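Me: I would like to learn how to read single features in a protein model. Could we go through some together?

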Amino acid sequence: MEKKERHPDPFPGFGRVQRPTRYIGGEVGSIMKDPAKVNCRIALAFPDVYEIGMSHLGYSIVYHGFNSDRRVYAERVFAPWFDAEEEIRKANQKLSTLETGTPLSDFDIIGFTLSHELAATNVLNMLDLGGVPVLAGDRRDGDPIVIAGGCSAANPEPLSDFIDAFYLGDAEPVFSELADVLTEAREKKWPRNKIVEAIAYIGGMYVPSFFDPQYENGKFTGMLTRTQSFPTPTRRVAADLDNYPLPDKPVIPLAEAVHNRIAVEVARGCTRGCRFCEAGMYYRPVRERSPKNVIGYACAALDNTGHEELSLMALTTGDYTRLGETLRALVDECEERRVEISLPSMRFGTLEKSLASELARFRKTGFTLAPEAATDRLRRVINKVIDEEQMIAEVTALAGMGWKQFKLYFIIGLPTETEKDIKGIVELSKKIKSAAGKGAKVTASASTFVPKPFTPFQWEAMLPLDEIHRRQSFLRTELGGSGIKWKYHDARTSVVEGVLARGGRECGRLLLELHKRGAKFCAWTDYFNKEAWNESFAAAGIDLDKALGTKEVADPLPWDHIDMRIDRKFLESEREKAHRAEPTPDCRVGGCVDCGACDSSGTETRLAADAPALPERKSGQDISPQPETFSRYRITFRKFGKAIFLGHLELKSVFEKALRRTKLPLRFTRGFHPQMRLVFSPPLPVGIASEAELADVFLNEEVEPNKILDRLRAEVPEGLEITRVTEIQPQQSSLQQAITATTYSVDISQLEIPPAQLEKSIYNFEKLDEMPVMRKQDDRAPMDLKIFVQDISVASGQIKFSTDVVDGFMVRAALVLEHIFEFTDETFEKVLITKTGIEMENS
Ligand code: SF4
């Protein structure tokens, strides 16, 4: 028999954790390099779980961007879930990367992606778990340099005690500059402090230890650099996105990602100027990719991954100048491939009717609309001017095209909000429900306004906790019985976000106190540790009322020493206009309003309006119909090593994507949501290897089985091996019906049970007339193992047996071992169960 080794576990006790595929790596698209042949090793740390990190486009851009430089090896690491952390700590191990299993402490650089403020506690925890001193001041020569970037690094001060350098702005320009510095540092054997200093001179970098906060009578008065010549930390902008490729071979996650799709960024930046929106200010000016590039990346990424969904991404996708022709070209491409298209960030009034009808050709998963405020007055305050009649008309039109699910996003606690505005949320939601028509599902969600740095509302107060609760409770009551589903953000997490968003260096103490108390995954409402936060606020001496209150415009703010390319005067003027409920037009249509984002060096609004036109649309008509006849092929495959941790749904997704990449003439079900015709043998429990898994795939044409075998073999990830493909009759019984028995072998070489004891167990079993067992706790009737289990034996460090299918029922191998040999959880961890074969009817 061929090898059937268990993959060396990422950490001991690994078999016990939820979703082991979060920790194994080896995905198609993951990048493997020889660490000994690079100048610099970077651990790209995402302070949340794998499924969220793997859905983050920015993280993927950074991973592929750094790895495109042959001098650098960038690997991935995610925050381990509670159970995995417990196992890592228990075994005295360190948090390690997916690609090579290297502990964080062994890297040159650890680069955190900060997508929201509440990730801060996970940053500290990952450093600690990775064997890296949590405080930047405690790090010495040989310790990694910790860098953090991302939208929520706009105000770096709360994390400045823990991070050596922050990177501000678009990541693309820094990849090679950082590699240059690290290569020189390695060649010249620079000490750590010299490397940090060199990094500080890279454009976009901010090293907080080179800046000292100043106070007068305990009041913050500003920041001073330690060296007068030190440049002002300034946000970097990738001026022309067409010069920076998107990943066209993104990693295909094994564990189901939150967004299991290809994300193609059509534009960065937004100049609509919503006054609460941090991303809208942070990513200015607008830069659009050319339609040719968008389509090129989309098609290449679909070819390379086999994803079933494609998403066009931007802060407001509907504003993309060339959306119409790009979408039409992609609709034709995607329909033929049975790939869905989604536009996750549409704004009321930006989806032309003709485009909506193109999208209507796909499954209508739901439409998300974000009025944010429910009255015209408040929408003028926040500078999101959308007419109510226009909203209602749009929903009516979408409902007429078949959309039945609408999600509405509101914000409560916006500056100047009154009771009338709160009641307006109820009224507008009801009007939209009525426009959506009978049977439509409408969900209204309300988050709480959090004032963010570098926005016109950075000086505004945030609602206190009890007032958030009161307004949420009012909305819950008023929307009750309306048929509208009501959702809201946990008020406690919003308050904490508010403190960290505008905090200064005093927040360092708060975060350390939280770390001591084990706070982590704070954005996960169910895991929000209220006691830890209350105690830590008190221990750090943070006055919540002051932290959430109005800031004086005349007073310095903790982030004023950073140039985010947003002029303070512009923000002040926008704030004044907000209080007069006066809108400011989008600079693309209303002319420049001197926000400060553009400059004479080429950083300016770049629209794709003048990019070359796409070739004339070829079809636009229905896709080629599938033939009436089809062929059916049975695939036999092995599952070993890392792949034994794939759950059944994960395995199905891996196969579907691999089959799409083969470009075989796959057959799909009909309808709006075509499904690949692929059927597997009964699911194998996680952790069990197999020499004999089966799947039937249906093709629209006859294909030589060896051709299928060769193509599929080249596409499946590590741990799966296609061993055979045979053609079978289309009408042959289903796999579920055809299997009559399964054989197993259990490697017990790591067990200390004497063989005689195992033989005695077999003897005892064989002499019984029956052995009734419950398959599950809720089983009403027991099953008799004597009817199912045959040919049980023990020899040469292996237990072997077969289980029959009786009246359509089968028993799990684990159940046999548990009842006949009294295996415990501990025993199971030391053995490897392998499904060695199956018997089929008429075989
Ligand atoms: S500087 Fe002017 S043109 Fe550029 S983003 Fe700001 S407002 Fe728009």
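**Reading features one at a time**

Reply: Gladly. Let us start with a side-chain pair: Arg 22 and Glu 51 are joined through their side chains by a polar contact of 2.9 Å. Keep in mind that this is a predicted model.

Me: Where does Arg 22 lie, and is Arg 22 buried or exposed?

Reply: Arg 22 belongs to the segment before strand S1 (40-46). Buried means under 20% relative accessible area. Arg 22 counts as buried because its relative accessibility is 6%. Leaving aside neighbours within four places in sequence, Arg 22 is in contact with Val 49, Tyr 50, Glu 51, Trp 81, Leu 98 and Ala 255.

Me: How should I think about nonpolar cores, and which residues have the most contacts inside the largest nonpolar core?

Reply: In soluble globular proteins, nonpolar side chains tend to be buried together. Here the largest nonpolar core has 212 residues, and Phe 112, Ile 199, Phe 406 and Phe 655 have the most contacts inside it. A second, separate core has 29 residues, including Leu 758, Phe 788, Val 794 and Phe 823.

Me: What is Phe 112 in contact with, leaving aside its neighbours within four places in sequence?

Reply: Among the contacts of Phe 112, with those neighbours left aside, are Ala 45, Pro 47, Val 123, Met 126 and Leu 127. Val 146, Ile 147, Ala 148 and Gly 149 are also in contact with Phe 112.

Me: Now a helix. Which residues of helix H3 are buried, and what do they pack against?

Reply: Helix H3 covers residues 82-90, and Asp 83, Ala 84, Glu 85, Glu 87 and Ile 88 are its buried residues. Their packing partner is helix H4 (120-129). Look at what follows, too: just after H3, Asn 92 takes a positive phi of about 60°.

Me: Which other residues have a positive phi although they are not glycines?

Reply: Arg 565 is one of them, with a phi of about 60°, and Asp 791 has a positive phi of about 50°. Arg 565 is in the loop between H18 and H19, whereas Asp 791 is in strand S25 (residues 789-795).

Me: What about Ser 536: which backbone atoms lie by polar atoms of its side chain?

Reply: There are two to look at here. A polar atom of the Ser 536 side chain lies 2.6 Å from the backbone oxygen of Ala 532. The backbone nitrogen of Leu 514 lies 3.4 Å from a polar atom of the side chain of Ser 536. Ser 536 is part of helix H17 (residues 530-540) and is buried, with a relative accessible area of 0%. Beyond neighbours within four places in sequence, Ser 536 is in contact with Leu 510, Glu 513, Leu 514 and Arg 517.

Me: Which residues are around the ligand?

Reply: Thr 271, Arg 284, Pro 285, Cys 587, Cys 592, Val 593, Cys 595, Gly 596, Ala 597, Cys 598 and Thr 605 are the residues around the ligand. This shell divides into seven nonpolar, three polar and one charged. Cys 595 counts as buried because its relative accessibility is 10%.

Me: How many disulfides does the structure hold?

Reply: The structure holds zero disulfides. Cys 40 is another cysteine to look at: this residue is buried, with a relative accessible area of 1%.

Me: And which peptide bond is cis, with omega near -10°?

Reply: That is the bond from Arg 284 to Pro 285. Pro 285 lies in the loop between helix H7 (278-282) and strand S11 (287-288).

Notes. Residues are numbered from 1 along each chain as its sequence is written. This is a predicted model: local features need pLDDT of at least 70, side-chain atom pairs count only at pLDDT 80 or more; totals for chains, interfaces and linings use all residues. Side-chain values use heavy atoms; hydrogens and water are left out. Helices (H or I, at least four residues) and strands (E, at least two) are DSSP runs, numbered from the N terminus. Buried means under 20% relative accessible area, exposed over 50%, partly exposed in between (1.4 Å probe, protein chains only). A polar contact is a pair of N or O atoms within 3.5 Å; within protein, one must be able to donate a hydrogen and the other to accept it, and residues adjacent in sequence count only if both atoms are side-chain atoms. Contact means heavy atoms within 4.5 Å. A nonpolar core is a set of buried Ala, Val, Leu, Ile, Met, Phe, Trp, Tyr and Cys residues joined through side-chain atoms within 4.5 Å. A residue is near a molecule or strand if one of its heavy atoms lies within 4 Å of it. Ala, Val, Leu, Ile, Met, Phe, Trp, Tyr, Cys and Pro count as nonpolar, Asp, Glu, Lys and Arg as charged, and the others, Gly among them, as polar. A disulfide is a pair of cysteine sulfur atoms within 2.5 Å.
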